[in-house]
Structures are given as structure tokens and as C-alpha cells.
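Take a first walk through this model.

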Amino acid sequence: MTQPEDHCVLAVDVGGTTVKGAVVGEDGQFRHSLVVPSSADDDPVKAVRSLCLRLRDDALALGSTPAAIGVVTPGLVDEVAGVVRYAANLRFRDVPLRTLVGDDLRLPVAVGHDARAAGVAEAVAGAASGLDNFLLLPLGTGIAAAVVVHGSPVPGATGSAGEVGHMPVYPGGEPCSCGQRGCLEVYASAGGLARRYARLGGTPGLDSRAIAGAVATDSVARTVWDDATQALGTALATLTLTLDPARIVLGGGLADAGALFFDPVRDALRAALAWRPPPPVLRSAFGAQAAQVGAAVLARRQAGLPVPDGWGAPDLVPH
């Protein structure tokens, strides 16, 4: 009989550009990691399934028996049915991931939304540890939020709760790929910031990290940076007034800029909440690994394994 200490889970985070997989041990330690392009196969669903099979085989080669697998994606995710209803960047529509991966691996499968899974990780062992009501916003290619209320991530009636990237923060502003104008994602996502910088005459090809480094000397960088932090502060004020979170956690590339980013965001939030104090705004403990750690937590729960407070703590997870 396999001993409890030999249990591992598999964690897969499907993104628009890469699919990341990890073998996660009983202690929350990442024992092995894989990263492949989302376009590794012409069929993106095939790319995910291939990585899951490879990850299982790698776990077995390490002498560890997988108990379950967690797979998280962006988009509209029906976590109960285990189906990704729609994910534009992945070309997923009504993909029955739980059935497909379960048939391939013969393991219990948890399917989740990447931002909500990241919120689970931050609640268990990260920047929202011990809190029942908080918001997590990973600021990446786009912006989605994990809305955690009474200890549970809120999926919403159609599985699309937290799609805050399409909140209008500058009505009538610049066009968004969704068809609206002035969306938060246009101004304050890492991808949106880079696109605006190039469009307004900045050096082509700079990413959000490089733009942050140029803020002190480049007037275009300063303009797009100020627009981003003001837009995000405005959006966080609306979310605070609606949900009254105990804490707001920000992750993704922009959060890596530290005080240059957080100070003006906090100032904008405070200014928009004249009659009440703002909630604390903190940096994600897990950063880019948050969704993958959350996928591991979901897998353990799917397998009926315990997830104690502090499991998968950031010092156990490679960044």
C-alpha cells in the first residue's frame, strides 16, 4: 500500500502563451516542473492533454504516485461540471477538461479558473492567509479577479465573476479587444500598458518591466504609468465599495515594480474613498506561481487529502 508521504498531486496552469505543470509533494514542495508553449500542438486541447500525460509519467519516474490532478485556465469555467465554456486566448469552447484528462490519466481531476485558484493559494499560505473576505487581482496579459467571500471564491451565475478587466474606468476611452472603450485592461494590465506605450510613441518592444524602469526619464512611460495606476485605483475603489474586502492582493508583472506601482495605486484608492478608510493593498506572496499552487490545492481537495494552513508556502515554491 502506498504510504501517505508518497502522495503527490499534479498541478497544471494553462495560459495564453504557456502551459505550466508541476509535481507537488505531500509537503507542498515543487518536486518537478514543466513548461511548454500553449501552441505546442495545432490543437491547444491536445497540448494540455499531452503535458498532463507527460507530467504523470515524470511523477512516476520520480517514485511518487499521483493522487489527483488540478488544471486551471482563464475564461468562463464551469468548475462543477469540469468544463471550460469559453477561453478566447486558448481557442477553447465547451471543452470537457475533467472528462478528457480523467480518461487519459485515470485520476481524479479538479478543473478551476486560474484567478480563483490563485486566490485559493493566497488564502491558504499567502498574502490573504487567515482572511475570509479579500480580492486578488493578477495583472498579466489581462486582468481577472478572485472574489473571495466568507472563505469561498465566488464563481457567479455564469462562472464569469471577477472579469474586472472589462470594467469601464475611462468611459469613452481607448478601444478594448472586447468591443468596449475605456476598459481597465486597456490601461492597467501588463499587456495593455506595453501596447499603449508603443502606440503613444514609446520605444517599440518594451515590456511592462522595462517601462517601469524608464518612468523617471521617459515622459511617455510616465504618462502610461500614471494612467495605469490611476485606473487601477479607481477600479479598486468601486470594488471596495461593492464588496468591502478586508484586503486587496495584487500580482503579476506590474506588482513586481514595488513602491513605484503600489504607492500611486494606494493614493488613488484612498482619494476615491473620501468617507471611509481603504483596505490594505499588498503584493501577492506567490507571484506568477499562484495559480499553479492553487491548482495543487484543488487537486488535493479532489483527492480527499488535507490542506493545512501554510501548505505550499512561498518558501517551498520556486519563483
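Where is Ala288 found? Ala288 sits in the loop between strand S13 (281-283) and helix H9 (290-302). Helices (H or I, at least four residues) and strands (E, at least two) are DSSP runs, numbered from the N terminus. This is a predicted model: local features need pLDDT of at least 70, side-chain atom pairs count only at pLDDT 80 or more, and totals for chains, interfaces and linings use all residues. Residues are numbered from 1 along each chain as its sequence is written, and side-chain values use heavy atoms, with hydrogens and water left out.

Is Ala288 buried or exposed? Its relative accessibility is 60%, so Ala288 counts as exposed. The terms work like this: buried means under 20% relative accessible area, exposed means over 50%, and partly exposed lies in between (1.4 Å probe, protein chains only). Gly253 is 35 residues apart from Ala288 in sequence, and the two are 8.2 Å apart, C-alpha to C-alpha.

Now turn to Arg116. This residue belongs to helix H3 (residues 114-125). Arg116 has a relative accessible area of 2%, so it is buried. Which residues touch Arg116, leaving aside its neighbours within four places in sequence? They are Val77, Glu79, Ala146, Pro153, Val154, Pro155, Gly159 and Ala161. Contact here means heavy atoms within 4.5 Å.

Helix H5 (residues 190-199) comes next. Seven of its 10 residues are buried, so H5 is largely enclosed by the rest of the structure. The buried ones are Ala190, Gly191, Gly192, Leu193, Ala194, Arg196 and Tyr197. They pack against strand S9 (134-139), H4, helix H6 (208-214) and H7. After H5 comes Gly201, with a positive phi near 105°.

Look next at the aromatic rings. Rings of Phe, Tyr and Trp (its six-membered ring) pair if their centres lie within 6.5 Å; planes under 30 degrees apart count as stacked, over 60 as edge-to-face and the rest as tilted. This rule gives three aromatic pairs. One of them joins Tyr170 and Tyr187, edge-to-face, at 4.7 Å centre to centre with 70° between the planes. This pair links distant parts of the chain, 17 residues apart. Tyr170 lies in the loop between strand S11 (152-153) and helix H4 (184-188), and Tyr187 lies in helix H4. Tyr170 is partly exposed, because its relative accessible area is 26%. Tyr187 is at 5%, so it counts as buried.

Trp225 and Phe261 form another edge-to-face pair, 6.0 Å centre to centre, with 75° between the planes. This pair, too, links distant parts of the chain: Trp225 is in helix H7 (residues 219-243) and Phe261 in helix H8 (residues 259-272), 36 residues apart. Both Trp225 and Phe261 are buried. Ring pairs bring Phe262 into a cluster with these two.

Finally, step back. The chain has nine helices and 13 strands. Its radius of gyration (taken over C-alpha atoms) is 19 Å, close to the 20 Å that the globule rule gives for 319 residues, so the chain is as compact as a globular protein of that length. That rule is 2.2 Å times the number of residues to the power 0.38. The C-alpha atoms fill a box of roughly 65 × 45 × 35 Å, taken along the principal axes. Buried residues make up 51% of the 319 residues.
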